[in-house]
Structures are given as structure tokens and as C-alpha cells.
Amino acid sequence: MTEYLILSAEDIGKYHPDKTLIVSVLSPIETHGKHLPVGTDVFIARKILQETCQIFSERFKILRLPDLCVGADSQPVFGSISLKYKTLKNVVIETGESLAKMGFKYWMIFDNHGGPRHQLALSDAIVYLKKKYQFVLVVPFLHIFQEMLKDSPQIEIPSGMNGDVNDLHAGTNETSLMLQIHPEMVRNYNLPKYFPSIRSQLGNFLRFLRTPELAVTVDWVSDPKNPYYLGDPSTADPERGKKMINYHVKRSVELFQQALNGNYQPPKLHNAIVRFLLRTI
Ligand SMILES: [Zn+2]
């Protein structure tokens, strides 16, 4: 793996588009309870990038862009930095356009953020870049997050501990990942289990629109007792974190293979009404 920043333009020109994979981390700076750092998603994505690229490096030259520590729908509390849907989409599209115009074909983004407008921006950017430039952007976490929400048995981690709707943020899953990757950064995680006990008006509207996971997110950030996490950090353990990393790596390899076979598609997120609302509000 080579850092893009250290190359000259002449060096970059020597990379064959069919044999080169551009990779980067893209995740926001976001408050993760009191027990995890604001760079949690970035640190997790970096680890998955490193492990996945070890596998890809047998077949591809890997060029690593600098980390893009940006994202939409960071939890709107002190410490978080958040971009709008459109800003994020433009960052991704315009970066992808630059790569496509140089002749590159493949870009993989490693991420660990499930914000609804964040994911929609990435998904929309994938579709745009493919249509306009035949440029293939693969974002494994878009798929993995849907699988977490559905408690996919393939993950082999029980419900409530696998990043599903009962463990959405800085709970068992993310605390386990950080105990595995950077235990020195994890503060006291012996914290009470939290799930929002209020039902907000917007949350009820989202339940009506059949997007229960978005409803829970809205209830959570509207709750005056929000502890800045959702789940049960106290049951975290590094082995579970290792299992989740292995799952991310496995899915990243599978999805890139689909891209090479010409049949990679981003997942369909939400329904048409919710997508319209997320793009416009
Ligand atoms: Zn996170």
C-alpha cells in the first residue's frame, strides 16, 4: 500500500487503472458517549482498511488517499462535527470525478458511520459516479450496516450486541471494536444500558413511514436524558470486536469481487418518500 500524498504526478501516472485500487477512510468526527474518543469511527475504519488491503495487495496496487474525517448526521451534540447531505455527496462525487478523470476505475471507502443522510449521500454518489464515468466506488459499510440492523446470522454476534437498533452507537459493538483496536483510548465503560424511553413526534412519523430504525435514532437524539450512546457498553469485550472486524473484512472482499465482476450495486436505502425527505431537509 502506498500513500498517495508522497507520490509525484509522474509516479501516479505509472499506476495501471485495471490493476490499481484507490482506498480511503471516510467517517465523521462524532461524540461517542463519555467512554470513547470522537475519532472512534475513523479508528475502526482505519483498522478494517489495513486488514482488507493486506488481502487485496496480492492482486492489486493499492493507493491510499488521506483519511477524510467527514460525514453527515453526526449525533448533534457537543464534540461532533457534521456536514450536510449535499456537502458530503459533493465531496465524494468531486473526489471520485478527479480520480475517474485520471483514468482510475476503482475506489473503496472504509467507514463505520450509520447516519441516515451520510449513508444516502454515499449511496447516491456511487450511483452518480457509475452512471457518468463508469467509475466504481464500493462502500462496504452501507451493506454491513443494513446486515447489522437485520441481525444477520452471518455476523455471528447476538442481537443487541452487533450494532443493531438496540446497540446503535457506542454500545457493545463499538466499545468492543475499540477494546480490540485501541484499548488505551477506552475510558470507563461500565455504564448503564440505555435505550430511548420517549417517543418523539418525528419518531412517530418515521414509524408511520415504516422506518423504525430512523425513528429510534430520532427518539434518542431528542431525549433530554441522552447519554450520547445507545446500547450497553458494559458488555463489551475485545473478542467480539475481533469477530466484527473479521466480518467487515470478509464482506469488503466479497463486495469488491462483485465490483470486478461488474455487478456491484449499493443497497437500496429506505423507501422513496424517506429518501426524498432525507435529501431535502
Ligand atoms: Zn460510531
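How are H3 and H4 oriented to each other, roughly parallel or roughly perpendicular?

Author: The model is a predicted one. Two packed helices are described by the angle between their axes and the distance between the axes. For helix H3 (residues 85-101) and helix H4 (residues 116-133), the angle is about 30° and the axes are 9 Å apart. Angles under 35 degrees count as roughly parallel, and H3 and H4 are therefore roughly parallel to each other. The crossing in which H3 passes H4 is right-handed.

On the H3 side, the residues in this contact are Tyr 85, Leu 88, Lys 89, Val 92, Ile 93, Gly 96, Glu 97 and Ala 100. They meet residues of H4 that include Arg 117, His 118, Leu 120, Ala 121, Asp 124, Tyr 128 and Tyr 133. Sorted by class, the contact of H3 with H4 has 12 nonpolar, 2 polar and 4 charged residues.

Two further helix pairs can be described in the same terms, and they share H6.

Helix H2 (residues 40-56) packs against helix H6 (residues 172-181) at an angle of about 60°, and their axes are 10 Å apart. That angle makes H2 oblique to H6. Here the crossing of H2 past H6 is left-handed. From H2, Thr 40, Phe 43, Ile 44 and Lys 47 take part, and they meet Glu 174, Leu 177, Met 178 and Ile 181 in H6. By class, this contact of H2 with H6 has 5 nonpolar, 1 polar and 2 charged residues.

H6 also packs with helix H9 (residues 238-260): their axes come within 7 Å and cross at roughly 95°. H6 is therefore roughly perpendicular to H9. H6 contributes Asn 173, Ser 176, Leu 177, Leu 179, Gln 180 and Ile 181 to this contact, while H9 contributes Pro 238, Arg 240, Gly 241, Lys 242, Met 244 and Ile 245. The classes in the contact of H6 with H9 are 6 nonpolar, 4 polar and 2 charged residues. Leu 177 and Ile 181 of H6 are among the residues that meet H2, and both are also in the contact with H9.

H2 leads on to the sheet. H2 lies across E2, strand E3 (61-64) and E4, and runs at about 165° to E2. Together, E2, H2 and E3 form a right-handed β-α-β unit.

The sheet itself is open and has 5 strands in the order E1-E3-E2-E4-E5, with parallel pairing. Strand E1 (2-3) and strand E5 (136-138) stand at the edges, each with a single partner strand, so one side of each has no neighbour in the sheet.

E1 and E3 are joined in the parallel sense by 2 bridges, and the bridge partner of Glu 3 in E3 is Arg 64. E3 in turn pairs with E2, again in the parallel sense, over 4 bridges. Thr 20 stands opposite Lys 61 in E3. Strand E2 (residues 20-25) runs parallel to strand E4 (residues 106-110), and 4 bridges join them. Ser 24 has Ile 109 of E4 as its bridge partner.

How values were computed:
Residues are numbered from 1 along each chain as its sequence is written. This is a predicted model: local features need pLDDT of at least 70, side-chain atom pairs count only at pLDDT 80 or more; totals for chains, interfaces and linings use all residues. Axes are lines fitted to C-alpha atoms, for helices over the stretch in contact, and angles run from 0 to 180 degrees between N-to-C directions. Angles under 35 degrees count as roughly parallel, over 145 as roughly antiparallel, 65 to 115 as roughly perpendicular and the rest as oblique. A crossing is left-handed if the near helix is turned anticlockwise from the far one by less than a right angle, and right-handed if clockwise. Two residues are in contact if their C-beta atoms, placed from the backbone, lie within 7 Å. Ala, Val, Leu, Ile, Met, Phe, Trp, Tyr, Cys and Pro count as nonpolar, Asp, Glu, Lys and Arg as charged, and the others, Gly among them, as polar. Two strands pair if DSSP finds at least two bridges between them. A crossover is right-handed if, with the strands pointing away from the viewer, the path from the first strand over the helix to the second runs clockwise.
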